[in-house]
Amino acid sequence: MKFNTLSCIIASALMSTALHAEEISNTETEEDQLQTWELSLGLDYSRNGYEDSSHLSDRNLSANASIIYNYDPDVYFTAKFSGYHSYDDLRGDYWDDIWLTATKKNLWEPADYISMAVGSRILIPVSDLSKKTDLQTAIRGDIKFTIELDNILEGLQISDAVRLRKNFHKYTTVGSLPLEEYRLSNVFAIDYSVNDWFFNINLVSSTSWSYRGTSYSPKLTHATEIGYQFTDNFSSAMGMTNSATYYDPDRGPSPLNTLFDLKNPTYYLTLNYNY
């Protein structure tokens with residue numbers, strides 16, 4: 001009897017140890033699969049529809065680099081650096097502001113096909129515009145909902161994000177021009193991927209307020225992109241983007257018509273490498 005009891009205890013202990021070892025092995029496998037550090041590099045050429053000789057021509061060559069730290073599969077931090085060379089108007093090389101971002105995916109999943117993500121970012125002012133307006137920093141918060149529509153069409157998803165940005169300028173005006181303090185925007189996007197092709201269209205609606213509380217006219221931006229994933233690390237895409245500010249119709253023709261003017265949009269070609 002004592003032998004049987006002892007045998008059961010030993011068997012139970014061995015089984016528990018084996019299960020624990022399997023759990024550790026699975027955890028280690030998941031951790032091994034998660035790449036802690038990532039580097040993303042991009043090169044873009046953009047221009048509008050005007051001839052190169054036109055005074056309205058706007059051509060730019062830009063480069064960007066993002067350093068990504070994956071804390072776990074759902075939490076990651078990003079530092080993005082970018083700059084561009086302008087071929088028209090104010091020719092030369094310029095830096096864009098640096099953004100530091102923290103993102104939490106899958107914070108809430110009310111259904112298998114719906115998820116919510118949140119993010120926050122802080123700006124380091126290095127651009128000429130930030131220096132001219134004495135922008136000290138800016139912060140932005142994001143809430144994004146994504147719906148997977150694989151049951152309708154595999155690879156299709158829609159998302160909607162609400163973003164609020166707060167600027168911190170040294171002064172509230174530049175001369176007599178009031179500066180922007182708050183900006184509220186909404187980003188609606190449709191993404192579709194099939195095999196190695198991907199397609200994206202998004203609409204961004206935004207409005208802002210000055211430090212004096214005056215609201216600016218709302219702005220609408222449209223972008224469409226199609227691209228191809230050549231390898232796991234390398235992809236290329238081409239697209240167009242355009243924006244318009246919509247006023248009170250009583251002030252004149254609606255500038256929304258310019259959203260689909262083939263000369264006003266910015267056309268671009270981008271090459272991306274992820275490591």
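Me: Is Arg183 buried, exposed or partly exposed, and at what relative accessibility?

Reply: Arg183 counts as partly exposed, at 32% relative accessibility. Keep in mind that this is a predicted model.

Me: What does Arg183 form a salt bridge with?

Reply: Glu180. The closest N and O atoms of the two are 2.9 Å apart.

Me: And Glu180, buried or exposed?

Reply: Buried, because its relative accessibility is 17% and the cut-off for buried is under 20%.

Me: How many salt bridges does the structure hold?

Reply: Six. One of them links Asp142 and Arg140, with the closest N and O atoms 2.8 Å apart. Both Asp142 and Arg140 are buried.

Me: What about Arg47, which residue does it form a salt bridge with?

Reply: Asp52, with 2.7 Å between the closest N and O atoms. Arg47 is partly exposed, with a relative accessible area of 21%. Asp52 is partly exposed too, at 39% relative accessibility.

Me: Switching to rings. How many aromatic pairs are there?

Reply: Seven. In one of them, the ring centres of Trp197 and Tyr228 are 4.8 Å apart, and their planes lie at 65°. That angle is over 60, so the pair is edge-to-face.

Me: Where do those two sit in the chain?

Reply: Trp197 is in strand S12, residues 197-210. Tyr228 is in strand S13, residues 219-229. They are 31 residues apart, and the pair links distant parts of the chain.

Me: How accessible are Trp197 and Tyr228?

Reply: Each is partly exposed. Trp197 has 46% relative accessibility, and Tyr228 has a relative accessible area of 25%.

Me: Which residues form one aromatic cluster with them?

Reply: Phe230 and Phe234. The cluster is formed by Trp197, Tyr228, Phe230 and Phe234.

Me: Which residue lies over the face of Trp99, and which over Phe168?

Reply: Arg121 lies over the face of Trp99, 5.3 Å from the ring centre. Lys166 lies over the face of Phe168, at 4.0 Å from the ring centre.

Me: Now the surface. Which residues make the nonpolar patch?

Reply: Trp37, Leu39, Leu41, Ile67, Phe81, Trp95, Tyr273 and Tyr275. The patch covers about 860 Å². Its largest share, three residues, comes from strand S1, residues 37-47.

Me: Where is Trp95 placed, and is it buried or exposed?

Reply: Trp95 is in strand S4, residues 92-95. Trp95 counts as exposed, at 58% relative accessibility.

Me: Zoom out. How many helices and strands does the chain come to?

Reply: Two helices and 15 strands. The chain has 275 residues, and buried residues make up 27% of them.

Me: Last one: among contacts between residues at least 6 apart, what share joins residues at least 24 apart?

Reply: That share is 51%, with separation counted in sequence.

Conventions: Residues numbered from 1 in each chain as written. Predicted model: local features only at pLDDT ≥ 70, side-chain atom pairs only at ≥ 80, totals over all residues. Heavy atoms only, no water. Salt bridge = Lys/Arg side-chain N within 4 Å of Asp/Glu carboxyl O. Buried < 20%, exposed > 50% of the residue type's maximum accessible area, 1.4 Å probe, protein only. Phe/Tyr/Trp six-rings, centres within 6.5 Å; stacked < 30°, edge-to-face > 60°. Helix = DSSP H or I, 4+ residues; strand = E, 2+ residues; numbered from the N terminus. Lys NZ or Arg CZ within 6 Å of the ring centre and 35° of its normal. Patch = residues over 30% accessible without salt bridge, like charges linked within 9 Å, V, L, I, M, F, W, Y side chains within 5 Å. Areas by Shrake-Rupley, 256 points an atom, 1.4 Å probe, with all protein chains shown as cover. Contact = heavy atoms within 4.5 Å.
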